Amino acid sequence: MQITQFFNRLNNNKFTKLLTQTVALGVGAVVLLSSTNADAAEQVVLKYGTFQGQISVQELTQFTETGKTTPTLRAYLQAAQQDPALARKALKASIKADPAFLNSLLSSWAGPVLVDQIGEVVHPPAGQLDQQGLRSALSESIKQNGEVTLLGAIQNYPNASVELEGDRLIPVYERLSNLAKLL
């Protein structure tokens with residue numbers, strides 16, 4: 001008899017509503033906690049002078065990590081007359097150091113200089129440099145990989161879209177390489 005009463009109570013509408021809300025809250029928490037960097041950039045607007053085209057961050061990451069280009073990216077690089085090997089090298093060149101050191105570097109007097117250098121190449125579309133957004137992208141990159149790269153800044157930029165100034169890529173890469181030698 002007690003089991004029957006227990007099951008009758010479970011059928012109560014208040015309990016069903018509470019159970020439904022609890023399950024919905026649990027599912028929502030799992031989705032939020034399992035998604036990685038939901039606010040990170042998904043699209044890159046490649047700009048070379050007056051030329052511009054859009055690719056996904058995934059395409060750019062694949063190119064940087066493997067050297068494989070999609071037909072779209074290949075066409076953009078050809079139209080901009082850019083050497084793919086040099087562009088790839090610039091995107092993956094890194095400043096490697098202890099993550100705590102790199103984060104303290106970002107917080108020191110040198111932080112704004114580093115952010116401004118990278119901000120010449122990576123910034124929000126048609127907007128001014130968001131120092132705090134780029135700083136957080138660099139911090140996230142450091143946390144993930146223990147290094148600062150232009151690709152890491154793009155992958156972790158807190159906008160749905162980010163611009164990559166291709167004609168400034170190589171000069172900024174050279175300045176960052178010189179800075180990395182000093183560290």
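**Figure 1. The loop between H4 and H5.** Gln-81 is found in the loop between helix H4 (71-79) and helix H5. The model shown here and in the other views is predicted. Most residues other than glycine have a negative phi. Gln-81, although not a glycine, has a positive phi of about 55°. Its relative accessible area is 72%, so Gln-81 is exposed.

**Figure 2. Packing of helix H5 on helix H10.** H5 covers residues 84-92 and H10 covers residues 166-182. The two helices pack with their axes 9 Å apart and at an angle of about 50°. H5 and H10 are therefore oblique to each other. Their crossing is left-handed. On the H5 side, the contact is made by Leu-86, Ala-87, Lys-89, Ala-90 and Leu-91. On the H10 side, Leu-169, Ile-170 and Tyr-173 take part. By class, seven residues in this contact are nonpolar, none is polar and one is charged.

**Figure 3. The salt bridge between Glu-163 and Lys-47.** The side chains of these residues meet in a salt bridge, with an N to O distance of 3.6 Å. Glu-163 belongs to strand E6 (residues 161-165) and Lys-47 to strand E1 (residues 43-48). The pair links distant parts of the chain, as its members are 116 residues apart. With a relative accessible area of 7%, Glu-163 is buried.

**Figure 4. The salt bridge between Glu-147 and Lys-96.** In this salt bridge, the closest N and O atoms are 3.9 Å apart. Which of the two partners is buried, and which is exposed? Glu-147 has a relative accessible area of 18%; because buried means under 20%, this residue counts as buried. Lys-96 has a relative accessible area of 61% and is exposed.

**Figure 5. The salt bridge between Glu-120 and Arg-175.** The side chains of Glu-120 and Arg-175 form a salt bridge, 2.9 Å from N to O. Glu-120 is in the loop between helix H7 (110-119) and strand E4 (122-123), whereas Arg-175 is in helix H10. The two residues are 55 apart, and the pair links distant parts of the chain. Glu-120 counts as partly exposed at 28% relative accessibility. Arg-175 is also partly exposed, with a relative accessible area of 36%. Elsewhere, salt bridges that share partners join Lys-47, Glu-163 and Glu-165 into one network.

**Figure 6. The protein around the close-up views.** The protein has ten helices and six strands. Its salt bridges come to a count of five. Of the 183 residues in the protein, 38% are buried. Among contacts between residues at least 6 apart in sequence, 65% join residues at least 24 apart.

Terms used. Residues are numbered from 1 along each chain as its sequence is written. This is a predicted model: local features need pLDDT of at least 70, side-chain atom pairs count only at pLDDT 80 or more; totals for chains, interfaces and linings use all residues. Side-chain values use heavy atoms; hydrogens and water are left out. Axes are lines fitted to C-alpha atoms, for helices over the stretch in contact, and angles run from 0 to 180 degrees between N-to-C directions. Helices (H or I, at least four residues) and strands (E, at least two) are DSSP runs, numbered from the N terminus. Angles under 35 degrees count as roughly parallel, over 145 as roughly antiparallel, 65 to 115 as roughly perpendicular and the rest as oblique. A crossing is left-handed if the near helix is turned anticlockwise from the far one by less than a right angle, and right-handed if clockwise. Contact means heavy atoms within 4.5 Å. Ala, Val, Leu, Ile, Met, Phe, Trp, Tyr, Cys and Pro count as nonpolar, Asp, Glu, Lys and Arg as charged, and the others, Gly among them, as polar. A salt bridge is a side-chain nitrogen of Lys or Arg within 4 Å of a carboxyl oxygen of Asp or Glu. Buried means under 20% relative accessible area, exposed over 50%, partly exposed in between (1.4 Å probe, protein chains only).
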